[in-house]
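Work through the exercises below with the structure open beside you, and try each task before reading its solution.

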Amino acid sequence: MRRRCRRAQARTWCDASEADGVSLDLQISGCTTVIESGTESTSNLPVAFANRGLAYREKGQHDRAIQDYDQAIKLNPNYANAYHNRGFAYRENGQHD
């Protein structure tokens, strides 16, 4: 039961943002827990990668963000938001091509 509660809390942090009062580090931690849990559905896993990528991007860790967006796209090639955010991460990383 405790493990399920921890995963639920991690999912909440992963889906939250700084506007919700969740720090970027807590969002990254929550998404990492969700990703590593091995219990996420194939439709939820790309979202966890993309959310973690967004938090990394906000922290200025663009290379790590791009890696997470790549994973989200690999898992769901139709995930337009991951492509969009990856483009921003590349631009912010000075990679305009």
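**Exercise 1.** Is the link of Cys14 and Cys31 left-handed or right-handed?

*Solution.* Bear in mind throughout that the model is predicted. Begin with the sulfur atoms of Cys14 and Cys31, which lie 2.1 Å apart; since a pair within 2.5 Å counts as a disulfide, Cys14 and Cys31 form one. Next, take the angle about the S-S bond, which is 100°, and the link is right-handed. A search of the whole structure finds one disulfide, and the pair links distant parts of the chain, with Cys14 in helix H1 (residues 2–15) and Cys31 in helix H2 (residues 24–37), 17 residues apart.

**Exercise 2.** Decide whether Cys14 and Cys31 are buried or exposed.

*Solution.* The cut-off for buried is under 20% relative accessible area. Cys14 has 0% relative accessibility and therefore counts as buried. Cys31 likewise has a relative accessible area of 0%, so Cys31 is buried.

**Exercise 3.** Describe how helix H4 (residues 62–75) and helix H5 (residues 80–92) pack.

*Solution.* First, the two helices, H4 and H5, pack at an angle of about 160°, with their axes 9 Å apart. Because angles over 145 degrees count as roughly antiparallel, H4 is roughly antiparallel to H5. Then consider the crossing, in which H4 passes H5 in a left-handed manner. The contact involves residues of H4 including His62, Ala65 and Tyr69, and residues of H5 including Ala82, Arg86 and Glu92.

Definitions and conventions:
Residues numbered from 1 in each chain as written. Predicted model: local features only at pLDDT ≥ 70, side-chain atom pairs only at ≥ 80, totals over all residues. Heavy atoms only, no water. Axes fitted to C-alpha atoms, helices over the stretch in contact; angles between N-to-C directions. Helix = DSSP H or I, 4+ residues; strand = E, 2+ residues; numbered from the N terminus. Parallel < 35°, antiparallel > 145°, perpendicular 65-115°, else oblique. Left-handed = near helix turned anticlockwise from the far one by under 90°. Contact = heavy atoms within 4.5 Å. Buried < 20%, exposed > 50% of the residue type's maximum accessible area, 1.4 Å probe, protein only.
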